[in-house]
Amino acid sequence: MIRIKELSKEYTTKKGPVIGVNQVNLTISEGEVFGIVGYSGAGKSSLLRCINLLERPTGGSIEVNGRDLTKLKGEELRKARLKIGMIFQHFYLISQKTVAENISFALKAASTPREKMASRVVELLEMVGLTDKKDVYPAQLSGGQKQRVGIARALANNPAVLLCDEATSALDPNTTLSILRLLKKINRELNITIVLITHEMNVVKEICDRMAVMQDGRVVEEGDVYDIFSNPVTDLTKEFISSVVSFDVPQSILDACKGRLVKVLFRGDVAGEGIIADTVKQFDIKANFLHGSIEYIQEKPLGLFLMEIKGEPDDVTRAISYMEGRGAQAEVIRNGL
Ligand SMILES: Nc1ncnc2c1ncn2[C@@H]1O[C@H](COP(=O)(O)OP(=O)(O)O)[C@@H](O)[C@H]1O
Ligand SMILES: [Mg+2]
């Protein structure tokens, strides 16, 4: 478990103090995949780097598995940090060393006995699917393969926590997906807690259990990923969500609609199509779909539809209330013309 309390990081610069992290409180459970989202400059990297004390916080505390890292020094701190792996957007591999040597480098840092080193490297390469690249140099690898080496290196000393700083931001969508699947596998099979930062909601949707949204060094929203996708509170979160779930209906189409425009959201535990079919059957209305999507967040469906509902205003109102009564969330975007 990671317990972050009143954490602050202020940088001293020539131009004066710059706030990176501003009194953040977060608790991340063991075995969880936790996402931190925010635009550039929000303080995500600063926060992540404080978790392994790559940056020393200027206030607050960070407990990892019951130990306050801010109180540790020297050898004790070095040992504690070996149990926190980290991967980066730009991989940071050593270009003059082969894949195997890059990984052994991390093992040496933890004083792994020589005779154990080779077998551990083989194990790690198998874990990340790079067995055949053992003696290759980083320059000969694709971006996705480089990140796999980064992951193997981060896992070398059996960490309890893996920190990922924009680990897929330099990769194309397919490679991103394969790296995210690898991270999920690591999380499940090795029970490693993962904290990942990203500016892409698709990444969060794919593998995170819980998430936080950051702005100006602060956490502005936090919760279960499905809850946040289905019910975002702050405008910033809504903006991030809209990159995954959004309606782009041409204005000319909207202008041609004379009925009431209603956005209807169905959560996973509600059977959306059935409710819409029942509604159309029971009320004297016509429903015209303008947009619809079902997103799967951690295998749980989230349905979002934009409908034009035509009929007598009272019938339309009752039809909407009926859908809400059956568990849908309906929002009238525009009344009938
Ligand atoms: N080493 C540093 N020195 C001075 N200011 C920094 C340093 N690192 C980050 N900052 C500042 O802290 C704020 C948060 O940055 P950062 O944590 O990198 O955000 P993010 O990762 O969300 O893009 C920004 O205003 C940034 O300019
Ligand atoms: Mg960053």
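Tutor: Start with the salt bridge: a side-chain nitrogen of Lys or Arg within 4 Å of a carboxyl oxygen of Asp or Glu. Note also that this is a predicted model.

Student: Why is the pair Lys205 and Glu295 called a salt bridge?

Tutor: The closest N and O atoms of Lys205 and Glu295 are 2.7 Å apart. The limit is 4 Å, so the pair meets the rule. Across the interface of domain 1 and domain 2 the rule finds two salt bridges, and the structure holds 16.

Student: What makes Glu55 and Lys9 a salt bridge?

Tutor: Their closest N and O atoms are 3.6 Å apart, and the cut-off is 4 Å, so this pair also qualifies. The partners come from distant parts of the chain, 46 residues apart: Lys9 is in strand E1 (residues 2-13), while Glu55 is in the loop between helix H1 (44-51) and strand E4 (59-64).

Student: How do you know that domain 1 and domain 2 touch, and which residues take part?

Tutor: The chain is divided into domain 1 (2-242) and domain 2 (251-334). Contact requires heavy atoms within 4.5 Å, and eleven residues from domain 1 and twelve residues from domain 2 are in the contact. The centres of the two domains, taken over C-alpha atoms, are 40 Å apart.

Student: What area do the two domains bury between them?

Tutor: About 880 Å², with 47% of it on carbon and sulfur atoms. On the domain 1 side, Lys205, Tyr226 and Ser230 lose the most area to domain 2, together 70% of what that side buries. There are also six residue pairs in polar contact between the domains.

Student: Which helices supply the domain 1 side?

Tutor: Helix H7 (201-207) and helix H8 (225-230) each supply at least two residues. The largest share, five residues, comes from H8. By class, the domain 1 side has five nonpolar residues, one polar and five charged.

Student: How many residues surround ligand 1?

Tutor: 13, the closest being Gly41, Gly43, Lys44, Ser45 and Ser46.

Notes. Residues are numbered from 1 along each chain as its sequence is written. Chains are lettered from A and ligands numbered from 1 in the order in which they are written. This is a predicted model: local features need pLDDT of at least 70, side-chain atom pairs count only at pLDDT 80 or more; totals for chains, interfaces and linings use all residues. Side-chain values use heavy atoms; hydrogens and water are left out. Domain bounds come from an automatic or database domain assignment. Buried area is the accessible area (1.4 Å probe) that two parts lose on being put together, summed over both. A polar contact is a pair of N or O atoms within 3.5 Å; within protein, one must be able to donate a hydrogen and the other to accept it, and residues adjacent in sequence count only if both atoms are side-chain atoms. Helices (H or I, at least four residues) and strands (E, at least two) are DSSP runs, numbered from the N terminus. Ala, Val, Leu, Ile, Met, Phe, Trp, Tyr, Cys and Pro count as nonpolar, Asp, Glu, Lys and Arg as charged, and the others, Gly among them, as polar. A residue is near a molecule or strand if one of its heavy atoms lies within 4 Å of it.
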